[in-house]
Amino acid sequence: MPAVSKGDGMRGLAVFISDIRNCKSKEAEIKRINKELANIRSKFKGDKALDGYSKKKYVCKLLFIFLLGHDIDFGHMEAVNLLSSNKYTEKQIGYLFISVLVNSNSDLIRLINNAIKNDLSSRNPTFMNLALHCIANVGSREMAEAFATDIPRILVAGDTMDSVKQSAALCLLRLNKTSPDLVSMGEWTSRVVHLLNDQHLGVVTAATSLISRLAQKSPDDFKTSVSLAVARLSRIVTSASIDLQDYTYYFVAAPWLSVKLLRLLQCYPPPEDAALRSRLTECLETILNKAQEPPKSKKVQHSNAKNAVLFEAISLIIHHDSEPTLLVRACNQLGQFLQHRETNLRYLALESMCTLASSEFSHEAVKTHIDTVINALKTERDVSVRQRAVDLLYAMCDRSNAKQIVAEMLSYLENADYSIREEIVLKVAILAEKYAVDYTWYVDTILNLIRMAGDHVSEEVWYRVIQIVINRDDVQGYAAKTVFEALQAPACHENLVKVGGYILGEFGNLIAGDPRSSPLVQFNLLHSKFHLCSVPTRALLLSAYIKFINLFPEVKGTIQEVLRSDSQLRNADVELQQRAVEYLRLSCIATTDILATVLEEMPPFPERESSILAKLKKKKGPGNVPGINDTKRNVNGATEHNNGENGGGGGDTDATASSPSVTMAPLANRPRPAHSIPIMLSAGTLNLAHPFNDLLNLNSPPATTGGSSLLVDVFSDVTPEPVSAFASNPDPGVSDESFSRFVCKNNGVLYEDQLLQIGLKSEYRQNLGRMYVFFGNKTSSQFVGFSSSVTSQDALKAQVNVHAKAVDPVIEGGAQVQQILNIECVSEFSDAPLLDIHFRYGGAPQSISVKLPVMLNKFFQPTEMTSQDFFQRWKQLGLPQQEVQKIFQSKHPMDIEVTKAKILGFGVALLEGVDPNPANFVGAGVIHSKTSQVGCLLRLEPNTQAQMYRLTLRTSRDTVSQRLCDLLSDQF
């Protein structure tokens, strides 16, 4: 920057500022400012020959007055005139005034653009920087149109100085944010990407910010940046702090650039090139190793910079979700931060571990920290950290720890902040249902929930417990007994009265044999709560009373007296009055048979999705429900980590086990919430105009069966315009990039581009399977004419039956829809069906074809065997055509725990202590199809020195052996 001469001190400005500061009152300040404004206006109008110094001084005064909060309506032209000056200080003040005071729609924009164009073509680096800064600060569409082609040329020109390149890159970044449709690199793309190789790290830092932004919009155009980013990152993390002395911040080499490079890599999947992938893995391992080293400085700036790089590296590891060793190491590193004295680190560690918990590779590692997380929940002072601890407990929950986590959440609920109580209630309700093996525990949990936090228990929760009880015969008696006991408390929450009225109205007969809970006792207990309840609950209790008349004829007279009372028949509320009149009339004129028919027991609810999880997502807001792929800005709640386990619990595949939310059939025999329409009596029958109106929030976006969800609810903003790559090629071919990743896991992201994300959650039992496919719209515009169908080759159609349910033809921007696929394995197969998707976006047709991960091993049922049984069966399958053996090189680090997880994920039972060599892995299972069952034994022998495996499979069918061998060997 040029030196400032003494004459540039602007003594008049200093005197004016001093006068303002010395003003004793606001009135005095305004008086002084008005005097100065009058003086400046007279100077600008009267003296046409003002020199540059005077213009600069007066423009500076106007700028200062504006910053004090006063409106400035003149002086703009004088500021524009300063842009033509050859003196740096005068030009600087002109650009400063324009950046602050000139509106993007101003009439002066064309004059300003001409001055900027002159400075950009002057090749004076100082003037070019001033002009670029002004463009970035104003950021108007007119400026973007005027300079969108000039700035990229300046950026990639060989003779442009480094400081100008930095400014040009950041200026383009700003214009891309304000007018993305006007800023396109086009022919400059490859040269912009190669700025990552620039020797000046300042240029690289600015270019990385720009490329990251552009790559989010057009990832294919900037795919070559991955290799350059990895190379640059490798040089930074392996260098000593003295090598990058100018860019070392408290002994951390180029932390800002490292973070930006790691974020750029998160725009892409893991590199396909083995060497590049290995180099990236080494970089991430180095960052993790450096985090373990003793700090080189005790200053907070050192730890902040070091941890910033570490957390971004962990985000990249989570994003890739492909290196089990790195995921486990990242989890262990985050575990060390859980007890750190710095609150921010504890918060970030909990937040990152929420995402790690949903990865099949790191879920077990996250669970090892459960005691620390529970302790944080109890002792943490900061409410935001406690909330993250609740999120992490929710994310790490599975069948092995569900009761412990639910108990801890219930314990915390009594002292929890009111702002998060409803969220905790929803999470406890979801976990209790999802992992309930014993449904008596589920009933106890929900009733405790209502007792402790009744005001925060939404309708969805108590609707859901009623559904579960109605759908499960084995728990109905226990539920009736438990609610009856709970209602005996002197003070009951109204939600408990609702549940009690509903359940006793349906199943009170199951406990009526006990004199302590006789029909009259049940009725008196419910009616004792009647006067304390609101109108909706009273309406529900009246419906329970009419059910009692059917269940217990001996209390008919007592109930009719209640219905006949003035408080009911002449009730001011039309709903209560109508119910009382109609129920009384029904009980008087209807025969026993008619009553039994009209008031029969509730039928089981049909299968639908639970809305409790949808409500939780809505409450949390976009991007805040922990689950898989959070690093891609996706929301996933309550992801099932145990493959093949039904979210409904107990391994029962019936709709009663995991039936999500439903609407009640229009029968008159059920208690109804307040918003239901009154019953109309006609010709001895009852009609419900609208039973349970939108019961369990059916109009909300669906979640997956059993309260578990897989995929997306929110996406990063994408400009609503057709993507040229798709518009020009509406049929990009079959995508099978992610196919092999699903061999050993059942959920994850199957396909993703800049428009659409497809996620899966699957569950299999014997020869049947169910796959939930989630289509997420990543743009802000609608997908119309959306259709999704499954196609198979002729041979495969006879081997695998896939029935696809219809999907919503319109997907709103940022929303998702779900499609359910029911799968049946008829006989063994080797090919896979295709999922064909068609829709229109921005007027352009889009077609995507994805290979569905339906493999033969998905129909495994694990088989436990003793050592003797295993080798006896092994010998029986000794024919040459029954055995397939393959020796292959390891593609991933040979980790024992990861190998075990993959074999279990493959579907077989892992048999411990069977093989004489403890280093070997042995498994057994049976593949179920409609026509046959095929037993399978496998043996995996690792050679850690040679980094090789020998895999041997024996089955009764050679085609099955070969197919399973091909699938499993590809995973190591």
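1. Basis. The model is predicted: local features need pLDDT of at least 70, side-chain atom pairs count only at pLDDT 80 or more, and totals for chains, interfaces and linings use all residues. Residues are numbered from 1 along each chain as its sequence is written, and side-chain values use heavy atoms, without hydrogens and water.

2. Sheet. An open sheet holds five strands, ordered β6-β7-β8-β11-β10, with antiparallel pairing. Strands are DSSP runs of E, at least two residues, and helices are runs of H or I, at least four, numbered from the N terminus. Two strands pair if DSSP finds at least two bridges between them.

3. β8 (residues 768-777) and β11 (residues 816-825) run antiparallel and are joined by nine bridges. V773 has Q819 in β11 as its bridge partner.

4. T208. This residue lies in helix α12 (residues 201-217). T208 counts as buried because its relative accessibility is 0%; buried means under 20% relative accessible area, exposed over 50%, partly exposed in between (1.4 Å probe, protein chains only). Its side chain reaches the backbone oxygen of V204 at 2.6 Å. Beyond neighbours within four places in sequence, T208 contacts (heavy atoms within 4.5 Å) L196, L257, K260, L261 and L264.

5. Cysteines. There are zero disulfides, a disulfide being a pair of cysteine sulfur atoms within 2.5 Å. For C134, the closest cysteine sulfur is in C171, 9.2 Å away and too far for a bond. C936 is also in no disulfide; the nearest cysteine sulfur, that of C965, is 9.9 Å away. C134 is buried at 1% relative accessibility, and C936 is buried at 3% relative accessible area.

Technical notes
A polar contact is a pair of N or O atoms within 3.5 Å; within protein, one must be able to donate a hydrogen and the other to accept it, and residues adjacent in sequence count only if both atoms are side-chain atoms.
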